[in-house]
Amino acid sequence: MTILHYNRTQLLSAGLLAFSALTAVLAPATASAAQVSGDATITINNAAFAAASVNVGSGYPNGWIVAKHWGASDNLLGITGATAGGTALSASASTAMSFAVNANTTTNSYPAAGPYGRTEQATTMDAGNTSVGQIGLSGAWLLTSQGGSGILTPYDFSLVKTAGIWNIKTFDTGFGTQNFLKLTNVSESLSSNGELLLSGDLQWTGLWAGLVGANTNAVVGTFSLAPSTAPSAVPVPAAVWMFGSGLLGLLGTSRRKALVAA
């Protein structure tokens, strides 16, 4: 009886270890809980956006508007005035656009995508320390000037906090990294799960404001960052449950043998 009890204990220990190891291998890998994640929503009021960028002397009598938006599925698409697709925006109303936070922690570069290449900007910011790193955002815009000439194509955005000021930056191989829009009236906090919550108003800034002679004090839209919708539970493969059921069956058989021997 003692020998049978010992063997049963060995079987239980070995089986549980094997079951734990198998489920650990099959469990999906997840990003660091501290890394910023979620979805950003940028809402642009094109009437205000245009009014803030009127520059008659430079040939922009009616200012600039965001004419089109491309999302994360077009991250490798070269953006020019002739690029097809995208979502057209109202020239005078407010439009909300989704910009998914990039999960990659190093920047992915695609130099052959369009005249100035494309990138997927890295997300390297810790939700608990927003003074370091950046948040990569997927998306692209086409700006046009009503009654004027030329186009502008800001894309491959990142969100960076410098000296306490949040700036949305753009990147291309022609101009490098440049400030585009800044957040004002900012609200910044952490959710109950330690995820970054961020919102504020948007104003022109940096090189882009200089290109069009924009009013950098006018509010042209809003920004918000919130956690993504919680993913559904990943089902455990049937093989795992079959293994577990078999293990329990073996333990039951071992117990019955022990009782008979006793």
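Predicted model: local features only at pLDDT ≥ 70, side-chain atom pairs only at ≥ 80, totals over all residues.
Two secondary-structure elements, strand 8 (151-152) and helix 3 (206-212), each supply at least two residues of the lining of the second largest pocket. The residues that line the second largest pocket are Ile79, Thr80, Pro115, Tyr116, Ile151, Leu152, Thr153, Asp172, Phe175, Trp208 and Leu211. Sorted by class, this lining has eight nonpolar, two polar and one charged residues.

Of the 262 residues in the protein chain, 37% are buried. The chain exposes about 13200 Å², and carbon and sulfur atoms supply 60% of that area. Contacts along the chain can also be sorted by separation. Among those with a separation of 6 or more, 59% are between residues 24 or more positions apart.

A pair of aromatic rings is described by the distance of the centres and the angle of the planes. For Tyr60 and Trp64, the ring centres are 5.0 Å apart and the planes stand at 65 degrees; with an angle over 60 degrees, the pair is therefore edge-to-face. Both Tyr60 and Trp64 are buried.

A second pair brings the reader back to the pocket, where Trp208 is one of the lining residues. The rings of Phe180 and Trp208 have centres 5.3 Å apart and planes at 55 degrees, so this pair counts as tilted. Distant parts of the chain are linked by the pair: Phe180 belongs to strand 11 (residues 176-190) and Trp208 to helix 3, 28 residues apart. Phe180 is buried, as is Trp208. The two residues also take part in one aromatic cluster, formed by Phe49, Phe99, Trp141, Phe157, Phe180, Trp204 and Trp208.

Strand 11 holds another residue worth a look, Asn185. Phi of Asn185 is near 50 degrees, a positive value in a residue other than glycine. The background makes this worth noting: most residues other than glycine have a negative phi. Asn185 has a relative accessible area of 63% and is therefore exposed.

Ala163 likewise has a phi near 50 degrees, positive in a residue other than glycine. Ala163 sits in the loop between strand 9 (155-162) and strand 10 (165-172). Because its relative accessibility is 82%, Ala163 counts as exposed.

One further loop residue is Ala72, placed between strand 2 (64-70) and strand 3 (87-88). Is Ala72 buried, exposed or partly exposed? Its relative accessibility is 40%, so Ala72 counts as partly exposed. Ala72 and Asn102 are 30 residues apart along the chain, and their C-alpha atoms are separated by 8.9 Å.

Methods. Residues numbered from 1 in each chain as written. Heavy atoms only, no water. 1 Å grid on protein atoms, 1.4 Å probe; cavity = no way out; pocket = protein on both sides within 12 Å on 5 of 7 lines; lining within 4 Å. Helix = DSSP H or I, 4+ residues; strand = E, 2+ residues; numbered from the N terminus. Nonpolar A, V, L, I, M, F, W, Y, C, P; charged D, E, K, R; others polar. Buried < 20%, exposed > 50% of the residue type's maximum accessible area, 1.4 Å probe, protein only. Contact = heavy atoms within 4.5 Å. Areas by Shrake-Rupley, 256 points an atom, 1.4 Å probe, with all protein chains shown as cover. Phe/Tyr/Trp six-rings, centres within 6.5 Å; stacked < 30°, edge-to-face > 60°.
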